[in-house]
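Please open the structure in the viewer and keep the sequence beside it.

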Amino acid sequence: MTRDEALYRLKQLARAQALGRHVGSDRLIQAGLDALLADVDSPSLALLAGLGRREEHEARELFDHVVDELGLGVEAPADPIAARWALAYWLAAQIADGSLDPATGADLIWVEAASDLGYPEALQPIVECAVHLDDWNAAWSTPLEQLKEEVLVAARALVARGEPETDA
């Protein structure tokens with residue numbers, strides 16, 4: 001992992017936390033270790049990377065220090081509706097860039113954003129795909145990969161629309 005990749009990963013984890021996603025202590029510690037091995041330097045990074053099982057409860061606070069020290073902080077919108085839109089767009093961007101599986105991402109958008117926003121029209125193509133993926137089985141005539149491709153197309157279209165919506 002390069003230094004830039006490690007910094008990107010730390011920023012993504014910081015964004016996930018800011019947008020209300022649960023990030024396990026094990027992932028925070030591993031990201032710290034990967035960053036340390038990639039020559040990222042901050043006063044708290046070695047402490048985070050060196051945490052053992054018994055010290056996992058310290059990971060979130062140390063991770064927050066690392067993020068602050070590296071200037072990677074991310075603030076979620078204070079308005080809950082804007083925060084859900086930000087989450088939907090962020091997840092869609094990850095689907096679009098290939099860093100998030102389309103089926104997983106569609107489900108997350110459906111459950112963690114669209115439902116809280118009252119199922120807005122802009123998210124309907126992804127929600128419909130998520131519903132189909134949730135019900136899908138091998139007996140269907142539509143291949144799983146086709147449904148995932150539909151999610152990818154819908155996610156790219158959402159991202160292309162621009163900034164997150166401000167109202168449902």
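A helix, as the word is used here, is a DSSP run of H or I with at least four residues, and helices are numbered from the N terminus. The model on the screen is predicted.

**First stop: an aromatic pair**

Select helix α5, residues 80-96, and within α5 show the side chains of tryptophan 85 and tyrosine 89. These two residues are four positions apart, about one turn of the helix. The structure holds one aromatic pair. The ring centres of tryptophan 85 and tyrosine 89 are 6.0 Å apart and their planes stand at 50°, so the pair is described as tilted. The label follows from the cut-offs: planes under 30 degrees apart would count as stacked, and planes over 60 as edge-to-face.

The limit applied in both cases is under 20% relative accessible area.

**Second stop: the salt bridges**

How many salt bridges does the structure hold? There are four salt bridges in the structure, and the tour visits some of them.

Select arginine 21 and glutamate 112, whose side chains meet in a salt bridge with an N to O distance of 2.6 Å. This pair links distant parts of the chain, 91 residues apart: arginine 21 belongs to the loop between α1 (3-18) and α2, while glutamate 112 belongs to helix α6. Arginine 21 is partly exposed, at a relative accessible area of 22%. Glutamate 112 is likewise partly exposed, at 21%.

Next, select lysine 148 and aspartate 101. They form a salt bridge in which the closest N and O atoms are 3.1 Å apart. Lysine 148 is in helix α8 (residues 144-160) and aspartate 101 is in the loop between α5 and α6, so this pair ties together parts that are 47 residues apart in sequence. Lysine 148 has a relative accessible area of 18% and is buried, whereas aspartate 101, at 32%, counts as partly exposed.

Move to the loop between α3 (45-49) and α4 (59-70), where arginine 53 lies. With which residue does the side chain of arginine 53 make a polar contact? The partner is the side chain of glutamate 56, at 2.9 Å. The side chains of glutamate 56 and arginine 53 also meet in a salt bridge, at 2.9 Å from N to O. Arginine 53 counts as exposed, with 69% relative accessibility, while glutamate 56 counts as partly exposed, with 21%.

Most residues other than glycine have a negative phi.

Select aspartate 39, in the loop between α2 (25-37) and α3. The phi of aspartate 39 is near 70°, a positive value in a residue that is not glycine. Aspartate 39 is exposed, with a relative accessible area of 64%.

Then select tyrosine 119, in the loop between α6 (102-114) and α7 (124-135). Tyrosine 119 is not a glycine either, yet its phi is positive, at about 55°. Tyrosine 119 is partly exposed, with a relative accessible area of 38%.

**Last stop: the largest pocket**

Select Gln12, Leu13, Arg27, Trp90 and Gln94, and display the surface around them. Of the 16 residues that line the largest pocket, these five lie nearest its centre. The volume of the largest pocket is about 340 Å³.

Which helix supplies the largest share of the lining? The largest share comes from α1, with five residues. Helices α1, α5 and α6 each supply at least two residues of the lining. Colour the lining by residue type to complete the view: eight of its residues are nonpolar, five are polar and three are charged.

Methods. Residues are numbered from 1 along each chain as its sequence is written. This is a predicted model: local features need pLDDT of at least 70, side-chain atom pairs count only at pLDDT 80 or more; totals for chains, interfaces and linings use all residues. Side-chain values use heavy atoms; hydrogens and water are left out. Rings of Phe, Tyr and Trp (its six-membered ring) pair if their centres lie within 6.5 Å; planes under 30 degrees apart count as stacked, over 60 as edge-to-face and the rest as tilted. Buried means under 20% relative accessible area, exposed over 50%, partly exposed in between (1.4 Å probe, protein chains only). A polar contact is a pair of N or O atoms within 3.5 Å; within protein, one must be able to donate a hydrogen and the other to accept it, and residues adjacent in sequence count only if both atoms are side-chain atoms. On a 1 Å grid over the protein atoms alone, a cavity is a set of points where a 1.4 Å probe fits but cannot get out, and a pocket is an open set with protein on both sides within 12 Å along at least five of seven lines; lining residues have an atom within 4 Å of a point. Grid points are joined across faces, edges and corners, and a volume is the space filled by probe spheres set on the points. Ala, Val, Leu, Ile, Met, Phe, Trp, Tyr, Cys and Pro count as nonpolar, Asp, Glu, Lys and Arg as charged, and the others, Gly among them, as polar.
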